[in-house]
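Here is a short tour for anyone about to open this model in a viewer. Keep the sequence to hand and follow along by topic.

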Amino acid sequence: MNNAETSLLLKDFLAVVHAEVRERLDLQNIASAGATQFDELAFVEIFAGYMAERGITFAPQPCRFVATVDGQPVRLSGFALSDELDRLDLLVTVYAGETEPRTMPEEMAHEAAEHCGRFLALSASGTLGERVDRSHDAFPLISTIAAAWSEMQHVRIHVLTDLCAGALHVPELAVLGRSVPVEVFDIERVFDQRQDAELQHQFRALNFFRDDWIASISEAATDEGEIEATAFVDDTGRRLVDAEEFSDFQRCGFARSVPGYGAMQVDGYAFDDADGSLALLIADFCGAPDMPPIAAEKARRLFDLAERYAAAALAGELSRDGNPSGDPGIGLAADIVRQQTGISRLRLYLVTDRLADFAGYAIDSRVLAGIPVERHVWDVARFHRAWVSDSGRDDLEVDFKNGSGNGIAALHAGSSDEYEGYLCTVSGAMLASIYERHGSRLLEGNVRSFLSTKGKINSGIQQTIAERPAMFFAYNNGVAATAESVEFDEDSSRIIRVVNLQIVNGGQTTASLAAASRQGHDLSKVWVQMKLSVLPSARTAELIPLIARFANSQNKVNESDFFANHPYHLRLEQLSKQVLAPAFAGGVPTRWYYERSRGQYVNDQKNLSREAGKEFLLRNPKSQLLTKLDVAKLENTWKGLPHQVSKGAQKNFVIFAGWLAKRWTENDSAFDEQYFRDLVAMAIMFRQTELIVKAQPWFEGAYRANIVTYTLAVLQFSVLKNGKGRQLDLGEIWEHQRISQPLCDQIAKCARAVFGVLTDPHRPRANVTEWAKQEACWERVRDAAAPLSQEVVDGLFDPVSRKYASGAGVQQVGYGVFARTAVLGIRPGQWQAMLDWGTAQGLLDAREVRLLRTACRIPKFVPSVKECEQIWSIRSRLVREGFAEIQLG
């Protein structure tokens, strides 16, 4: 390895050391209730710990002493003292904290050694013990040295530094007639001997993670025909969704200069309906084989680009002239203006594959147009921490000493090997403050989904806060929460700090308190009861959903809201292992791997040897990975709900769960091997459609997800409406693991028609992705459906002629089934609203009024297939007349 490569690696290693120093300081600040902490002590813990592992020293203790005695500086950073008092190592640091490796001046090392030698001499002579207060942390050491100096046979001084000492030699010091050797322990020495050290383990693990990460991004970019920077945006967006920083993520490439604002950029965004926040993402992709750092100044410049975009959007400058071209950035700006009053917080995220040599959480927080702004950095180290954690998230730590200053009152309520319980009371102001700081990350996933779809503000709670705040504790059921660890003060019976706090019941209470705080209500008299369950991290994924389910059993949270743990997923996992895809051209049979829990696909490979890992990927290729969110997307697309799919993965999953929970109860045997094969065939169609859309000359890189779900939904609609009982042959797609050329051509025609509707200059919403979420958009797409080619019609099959097992749960086929599925998926209240609107407009005759009244009785009364066809026809006409824009927009 040449000198340049060594220097580069040393720089990376130095950044890792500094990051660990900052992490320890953060933990010490929490534990010490804000008392001043010193970076040199955290540095001593790291370096002296490494020395102890190597046998260079023994049981080191950080101990800071800085003073001036008789005009001379005296200093100590730590020590190691044997039980027999015959060995003493004194530690003194020279900590620079600089990002670049720098040579240590010789006089600096000599000076540090002399300061520490003076501490030793004054302690041994008894002089220092007479002058130092007995309460000082260093007094026990000082008095011990004075009493046992004659017995200390081996005394050394170690200068610890994050600078490069090279061949620097510091001569022995004369202390009370004895020679005391001095040794410099610098960053280069640690770096050169780090093979078995924990720091090296972390550094290597981080390097391996980054190498794999960059390789996967490169592979995704090749597969998608995109540049790596774009693939990086998509990848980090998905990772932040997995880490529960975002509920859903939408790519949105926008970079330009605007007069009066200057250069601006945004690469993606996420609206969070649960906490009202808006996240804007800006990406910094390096892709270099090494791991270069990103400096704080560059991070601030990137954040400024995103903040200028937000400022221009909030001022209406970007969307002033509309968005006829369908520009994603202009569309987002229009939505920001429209939703401005409901945006509670603006969260700016900088994502990078570099290593940040500064704090990773919110920096330079401020207010923009009355909206609090946070800046968050997710560098390679933070992505790695989330990846290796049991929860899949970066740790969420809540310090209850902030605000009240002394934690929250708590009673211990029993414990076992897998559970520890507390009954607590927390002030409304503190709960609101915590929610404002952490947002919907504080909510367990099912509770977050519930709030996103059912509404986050409870009027009854708001009324109690406004009119009778002192009675809140009596009127409200409180919250139930879980955590992975707590810091509990036995003396005061108070909880000081919790790690990975999640609210599993009481999400509306928490969100309503935060909303009341923003509205200026006084929460000083509001108190909330909280049941806190502390669980081992290894079992949180299993136990938290169960606690959430039973905690909400008496509330208006449906079984579908907890569908993530439904036996359906276990069934699919079993089928994915049993059903092998056909092999071609001498290849081996493969599986379509169903990932029942997050990270399962990666975890199944972690402990495999290199050869076993290759075999796993051969049998379970990554291109054949299916997740729960994928299945929900496929099913709802096939059922004719592309506008629901376009609302994002999490919301779409909730809708899918509600439908499937009923179907499973009716006949779970329907979900058999044939069902799994059909599901895979849908996935093949979906993924090939993605490639088809990507290859079209009219495709400009935006809205592909919306185009694909609408394209396949309208294709299925056309087949069911015009196929005279025949269907697309999913069995043939399974057998060939691809779709036919005539179907490819038909998909391309459908996609072009869909793109025209989505980007129509006269669409009612400037933001195309928001327009795609409207049912009126789906109505227009169906009206613009491209006719089926004769080749596609000839390739349809008659399901009656196929030998399906009796009672396998296969529904009636044809357009009527499509209509019935659509009709049953709409709430009775919506049908009533349509009936009232159509009657008021004079657009309904007596027969149509009767049919819509029938729809209003769903689910107590289910219309026939024929009636559903007629009801759906009425709805389509009323939507075209304007109902969707007025009632559903």
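This is a predicted model: local features need pLDDT of at least 70, side-chain atom pairs count only at pLDDT 80 or more; totals for chains, interfaces and linings use all residues.

The protein chain has 889 residues, of which 53% are buried, and its secondary structure comprises 35 helices and 27 strands. Among contacts between residues at least 6 apart in sequence, 71% link residues at least 24 apart.

**The five-stranded sheet**

- Five strands make up an open sheet of mixed pairing, and their order is β1-β2-β3-β4-β7.
- The edges belong to β1 (61-69) and β7 (182-185); each has a single partner strand, so one side of each has no neighbour in the sheet.
- On average, and with direction ignored, neighbouring strands here are turned by 30° against each other.
- Inside this sheet, β3 (residues 87-94) and β4 (residues 154-161) run parallel and share eight bridges.
- Helix α3 (residues 106-125) lies across β1, β2 (72-81), β3, β4 and β7, and it runs at about 80° to β2.

**The six-stranded sheet**

- Another open sheet, again with mixed pairing, is built from six strands in the order β8-β9-β10-β12-β15-β14.
- Its edge strands are β8 (250-258) and β14 (366-368), each of which pairs on one side only.
- Neighbouring strands in this sheet are turned by 35° against each other on average, direction ignored.
- A parallel pairing over six bridges connects β12 (residues 345-352) with β15 (residues 371-378). Val351 stands opposite Trp378 of β15.
- Helix α9 (residues 296-314) packs on the sheet and touches β8, β9 (262-272), β10 (277-284), β12, β14 and β15. The direction of α9 makes about 75° with that of β9.
- Helix α11 (residues 380-388) lies across β12 and β15, at about 85° to β15.

- Arg375 is a residue of strand β15. Is Arg375 buried or exposed? Its relative accessibility is 4%, below the 20% cut-off, so Arg375 counts as buried.
- Which side chains does Arg375 meet through polar contacts? One is that of Asp304, at 2.7 Å, and another is that of Glu307, at 3.1 Å.

- In soluble globular proteins, nonpolar side chains tend to be buried together.
- The largest nonpolar core here has 92 residues, and the members that touch the most others are Tyr568, Met685, Ile707, Leu715 and Trp831. Helix α24 (residues 673-694) gives the most to this core, with 12 residues.
- What does Ile707 touch, leaving aside residues up to four places away in sequence? The list is Val693, Trp698, Phe699, Ala702, Ala751, Val754, Phe755 and Leu758.

**Cysteines**

- How many disulfides does the structure hold? The number is zero.
- Cys164 is buried, with a relative accessible area of 8%. Cys777 is also buried, and its relative accessible area is 0%.

Key. Residues are numbered from 1 along each chain as its sequence is written. Side-chain values use heavy atoms; hydrogens and water are left out. A disulfide is a pair of cysteine sulfur atoms within 2.5 Å. Buried means under 20% relative accessible area, exposed over 50%, partly exposed in between (1.4 Å probe, protein chains only). A nonpolar core is a set of buried Ala, Val, Leu, Ile, Met, Phe, Trp, Tyr and Cys residues joined through side-chain atoms within 4.5 Å. Helices (H or I, at least four residues) and strands (E, at least two) are DSSP runs, numbered from the N terminus. Contact means heavy atoms within 4.5 Å. Two strands pair if DSSP finds at least two bridges between them. Axes are lines fitted to C-alpha atoms, for helices over the stretch in contact, and angles run from 0 to 180 degrees between N-to-C directions. A polar contact is a pair of N or O atoms within 3.5 Å; within protein, one must be able to donate a hydrogen and the other to accept it, and residues adjacent in sequence count only if both atoms are side-chain atoms.
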